[in-house]
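Student: I would like to learn how strands pair up. Can we work through an example together?

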Amino acid sequence: MIANRIAKPTLTAIELVHDETLAFTRLDGTCVSIKLVATQAEIITTTLSEIGKTEPAATTVYGFWADLCIDGENVRVEREVGTQKSFYEPLLIKGLHIWLDAVDAIFEFMLETHGHCRLQENASHYKPPRRHARIVVQDASLSICPEKIHPWCPLPEDTLNIEDCYRGEDCWMGAYDGASAHGGLDINHPVGTPLFAPINLDNHFLFNATETGHNNNRWRGIRQWDDGTTWILTSCHMTHLTIPEHSSLVAGTQYAEGAGVRVGVAEHSHFSFAVLDHGELIHLDPWILFWQMYRDLP
Ligand SMILES: [Zn+2]
């Protein structure tokens, strides 16, 4: 099975099954073949008394990897989740940046009960029921999008800190309560911290709000790129919006004060990122946005 994609101004996200090949055409018109050979995941440390069963404030660190065959060369890409290594560099190979975002094998010991992050189900005639790996690819000569990305919130120096992800675990797919993959990225900061549009947005709005009886203020910003890809940005726990809903926003505009509603034991904002590409909605690590934000700092 071969999926064909061509480098475009925004990143390419795709979920593959074992033995499937992504034929990715670089900007220069040449093609790189990326075959997904195998995937695996394992717990590195845990305080759980029973694997796969959440316990309040339990901690779990896990690893996962994918074996790729890139233009005939075997490459193992390894990841670690729940430590500082959660904020990782993409693989740079054959003129491409490749981020290994997730493998479905982690759901052998994790639950998807804390936001969308699991890989897609396959159409019924496919086996197995789920895709095996989610990767993000971009021609390494390009940014992940054709605009500079403004800090979404005030950024810590150099990189994000895992200890500032709620209780130190709520990075993307981090183990909330030891066993529930976190469908977002939490960044601890005090109530009132400004949140800014990271890119130009076509529209922004609350999709549920305390004012309409919900337990949280959840915000969404939408951008439809000229290359046909749509990006959907989400933030939660804002105290209030500072710009009226249902309007476009210029990158860098403050749209909310963060971290003040239903923040649990640590004042934080929750960020998530999804792309709609080739008709599929793919949930991704917001770290990929933050990785680019750090590169785009003046
Ligand atoms: Zn969160």
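Student: How many bridges join strand β16 to strand β17?

Tutor: This is a predicted model, where local features need pLDDT of at least 70, side-chain atom pairs count only at pLDDT 80 or more, and totals for chains, interfaces and linings use all residues. Residues are numbered from 1 along each chain as its sequence is written. Strands (E, at least two residues) and helices (H or I, at least four) are DSSP runs, numbered from the N terminus, and two strands pair if DSSP finds at least two bridges between them. β16 (residues 218-224) and β17 (residues 230-236) run antiparallel, and the bridges joining them number seven.

Student: Which residue in the turn of the β16 and β17 hairpin has a positive phi?

Tutor: Five residues lie between the two strands of this hairpin. In that turn, a positive phi of about 95 degrees belongs to Gly-228.

Student: Which residue in β20 is the bridge partner of Trp-231?

Tutor: β17 is also joined to β20 (residues 268-277), antiparallel, by seven bridges. In β20, Trp-231 has as its bridge partner Val-275.

Student: Which strands stand at the edges of the open sheet of five strands?

Tutor: The order is β1-β3-β4-β5-β6, with mixed pairing. Two of these strands have a single partner strand each, so one side of each is left without a neighbour in the sheet. They are β1 (2-6) and β6 (73-81).
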